Amino acid sequence: MTTTAILKEDAMSVRLFDNKGTPLDRQKFTWKELVQKPISKLDNDAFTRVRVILMNGIEQQANRFQHMCAQLNGELRSPLAQIRRVEHHQQTMINWLLSGDHSPIETTIGYEQVAIEVTAAIAQQEPDPYLAQVYRFGLLEDFDHMYRYSALLDRVEGKDANNILQCYTDVVPGRPTIIEHRHPTDDLCDHYNRETAKPVSKMNALTIMSGEYQTRDYYMNIGPTFADPVARQLYAEIASIEEQHVTQYGSIIDPNETWLEKWMLYEANEAYNYYSCMEAETNPRIKAIWERFLDYELGHLNVVTELFKKHERRDPAEILPEILPDPIAYESQRDFVRTTLEKELEMSKAGVDFVDRMKETEATQAYRKHINSEGSPSEAVSAGYKWQPGTELAGKTAKDAAKPSANKREQLA
């Protein structure tokens, strides 16, 4: 029975153990399939781009994990290589959906929208209060990054970030980037317990870590390509915060999980994310891709569960849910973000604890004082900036139009 058939029988659930997905030997691509017509920057809904960017990050992290797993597990190298090749091609098809008319800064605005909207949605569905706090904490920092990059877009390209955001996401300051810099040990968090944590908590952690890791890598790659010195410095600064976020989100994953246990969770999480994308997608062509790749991931999961049973002699049902959790809510999280901003703006970290910023460790204070000692790119780029429709130039044009010309003033005199 196909995934599609199961969805028609029960539109609200995907049963992991009732479906074997597309067999691995039938998961094939051509170059024409891999490089399809991209989405439209302006005509497609912004959340289609959000899903494209997130799923690129999900696939990228799966590839990274599988390479590391292969280096340390000789017996698993063959199935890892076969699945990893398919995962690589899935990532290719997804990432190539982004259109070439996005400038690097516009793509950056898209990345930050992913971080804000997806993290906010997951923070609200997370059943563990501590983990939900971890997500809310990072959310406010990504929210500020959006503001700083919007200022950069306005000043370097004269463009309005809302052309990308489509009114789903606010452009206002969050927790200021200048105070987000912390000592590495203060970015660590308590991890979930692999034996007691709910499956959705494990998948949430993988989703957010994957998204943040992708963002870190993108900023590290794109930052040096700018000629503008402030842009170069801003990408360097925010890439450092994204490294902190990867540390933060990676630390909530239980280090006692076995390699096969983690691999199985990765595959289940990919299936969960494709399911979430498929349920929310409004573009029929893109929705068909999500449905196809959900079938592919169920096929991968079937291979890994068999390996899990063979090598660990354990029941996959000990780790995985019978039914995938409710899909991620791909919708504007503006109200939740505003409430979080109002209540938790002054929060910081001390070790694994969340504390008021006045209770930060001396190590963090010293680290921040030194790294900001020669100035802050995030403060420089947004000095005097306040988002308004049509960019700052639109506001100046309106004011200039309201002023009488020199000749008119002479006539009035």
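This dialogue walks through several features of a predicted model, one at a time.

Reader: How many bridges join strand E1 to strand E2, and do the strands run parallel or antiparallel?

Author: In a regular strand the side chains alternate between the two faces of the sheet. Here strand E1, residues 347-350, is joined to strand E2, residues 353-356, by four bridges, and the two strands run antiparallel. Ala350 stands opposite Asp353 in E2, and the two strands form a hairpin with two residues between them. In that turn, Gly351 has a positive phi of about 65°.

Reader: Are Gln166 and Arg313 buried or exposed?

Author: The general idea is that exposed means over 50% relative accessible area and buried means under 20%, with partly exposed in between. Gln166, with a relative accessible area of 22%, is therefore partly exposed, whereas Arg313, at 73%, is exposed. Ser201, whose place is in helix H8, has a relative accessibility of 2% and so counts as buried.

Reader: How should I read the aromatic pairs, and why is the pair of Tyr111 and Tyr218 stacked?

Author: Two rings pair if their centres lie within 6.5 Å, and planes under 30 degrees apart count as stacked. By this rule the count comes to 19 aromatic pairs. The rings of Tyr111 and Tyr218 have their centres 4.6 Å apart and their planes at 15°, so this pair is stacked. The pair links distant parts of the chain, since Tyr111 is in helix H5 and Tyr218 is in helix H8, 107 residues apart, and both residues are buried.

Reader: Which aromatic cluster includes Tyr111 and Tyr218?

Author: Tyr111 and Tyr218 belong to one aromatic cluster together with Tyr149, Tyr219, Phe226 and Tyr235. Phe226 is buried, and so is Tyr235.

Reader: Where does the charged end of Arg51 sit, and where does that of Lys349 sit?

Author: The charged end of Arg51 sits over the ring of Tyr330, at 5.1 Å from its centre. For Lys349, the charged end sits over the ring of Phe354, at 5.4 Å from the centre of that ring.

Reader: How many cavities of 30 Å³ or more does the structure hold, and which residues are the closest to the centre of the largest cavity?

Author: The structure holds one cavity of 30 Å³ or more, and the largest cavity has a volume of about 80 Å³. It is lined by 13 residues, and the closest to its centre are Leu54, Val114, Ala115, Gly211 and Glu212.

Reader: Which helix gives the most to the lining of the largest cavity, and how do the lining residues divide?

Author: Helix H3 (46-72), helix H5 (104-125) and helix H8 (199-222) each supply at least two residues of that lining, and H8 gives the most, with six residues. By residue kind, the lining of the largest cavity divides into seven nonpolar, five polar and one charged.

Note on methods. Residues numbered from 1 in each chain as written. Predicted model: local features only at pLDDT ≥ 70, side-chain atom pairs only at ≥ 80, totals over all residues. Heavy atoms only, no water. Pairing = 2+ DSSP bridges. 1 Å grid on protein atoms, 1.4 Å probe; cavity = no way out; pocket = protein on both sides within 12 Å on 5 of 7 lines; lining within 4 Å. Points joined across faces, edges and corners; volume = space filled by probe spheres on them. Nonpolar A, V, L, I, M, F, W, Y, C, P; charged D, E, K, R; others polar. Phe/Tyr/Trp six-rings, centres within 6.5 Å; stacked < 30°, edge-to-face > 60°. Buried < 20%, exposed > 50% of the residue type's maximum accessible area, 1.4 Å probe, protein only. Lys NZ or Arg CZ within 6 Å of the ring centre and 35° of its normal.
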